[in-house]
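Biologist: Could you show me the chain you have been working on? I would like to ask about it piece by piece.

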Amino acid sequence: MRLNLPNALTILRLLAAPGVVVMFLYFTRPWADWFALILFVTAAITDFLDGYLARAWKQESKLGAMMDPIADKAMVIIALLVITGFSGMNPWILLPATLIMFREVFVSGLREFLGDTAGTLKVTNLAKWKTTAQMVAIALLFATGAFEHYFGMQSFGMDPGMIEDVLAGRIPDELGLWWKYRGMMISWWAGIIVLWIAGLLTIVTGWDYFRKSVPYLKDVG
């Protein structure tokens, strides 16, 4: 087993997955949100980079093929658990997150059952778009957490009427509440929309994988 650069990047991405949780254990917010966002985005970039380098340098390996989907799933599932937690179990996040986690567990179990046969069921372009959508949505929602915390801290003690006046421009915005609020709302709605798209793609690709595996399951029973 050779530990080349593409494989090293994949392993680092796998190790970065629990690092997202560590950010919230050892740092206060909003620093935890920003550090988690930076860590997650950096890890997501390596997802593209390790595959590209492996193909370009002809360093594709069984280790990389095995570890790459594990690292992707670990990143997505752990990040969704963190986001679901700090969102207060918001149903707009909880439902697509549940669909995504259910699909990942189901397909992983199916792959394990199929054994070597699973290697013949190639990853589709739609599945790659699914992973991309998941990572974009998670990055946006981490950004939402940071903006929300800044807005909450700097509007603390203000009554709703005063906040409304500041956002409407009737009171000088000395703390920059307007752009923090806009950043929070834009990243929130963009993150929710992309997360639901990712959830739908997750179900479609999961069904497609199950459909392709049915011929190999006929002898089960």
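What follows is a short exchange on this chain.

Modeller: This is a predicted model, where local features need pLDDT of at least 70, side-chain atom pairs count only at pLDDT 80 or more, and totals for chains, interfaces and linings use all residues. Residues are numbered from 1 along each chain as its sequence is written, and side-chain values use heavy atoms, with hydrogens and water left out.

Biologist: What is the average pLDDT of the chain?

Modeller: pLDDT is the predictor's confidence in each residue, from 0 to 100. Where pLDDT is low, the predicted coordinates should not be read in detail. Here 95% of the residues score at least 70. The chain average is 85.

Biologist: In which helix is confidence highest?

Modeller: Helices are DSSP runs of H or I, at least four residues long, and strands are runs of E, at least two long; both are numbered from the N terminus. Confidence is lowest in helix α6 (residues 160-168), with a mean of 84. It is highest, at 90, in helix α7 (residues 177-217).

Biologist: How many helices and strands does the chain have?

Modeller: Read the elements from the N terminus: α-α-α-α-α-α-α. The count is 7 helices and 0 strands.

Biologist: What percentage of contacts between residues at least 6 apart join residues at least 24 apart?

Modeller: A contact means heavy atoms within 4.5 Å. Take the contacts between residues at least 6 apart in sequence. The share joining residues at least 24 apart is 81%.

Biologist: Is D72 buried or exposed?

Modeller: D72 sits in helix α3 (residues 62-86). Buried means under 20% relative accessible area, exposed over 50%, and partly exposed in between (1.4 Å probe, protein chains only). The relative accessibility of D72 is 11%, so D72 counts as buried.

Biologist: Which side chain joins that of D72 in a polar contact?

Modeller: Leaving out residues up to four places away in sequence, D72 touches R13, D47, T131 and M135. A polar contact is a pair of N or O atoms within 3.5 Å; within protein, one must be able to donate a hydrogen and the other to accept it, and residues adjacent in sequence count only if both atoms are side-chain atoms. At 3.2 Å, the partner of D72 is R13.

Biologist: Where is the cis peptide bond?

Modeller: Look at the loop between α1 (5-26) and α2 (31-56), where P30 lies. Omega is near 10°. The cis bond runs from R29 to P30.
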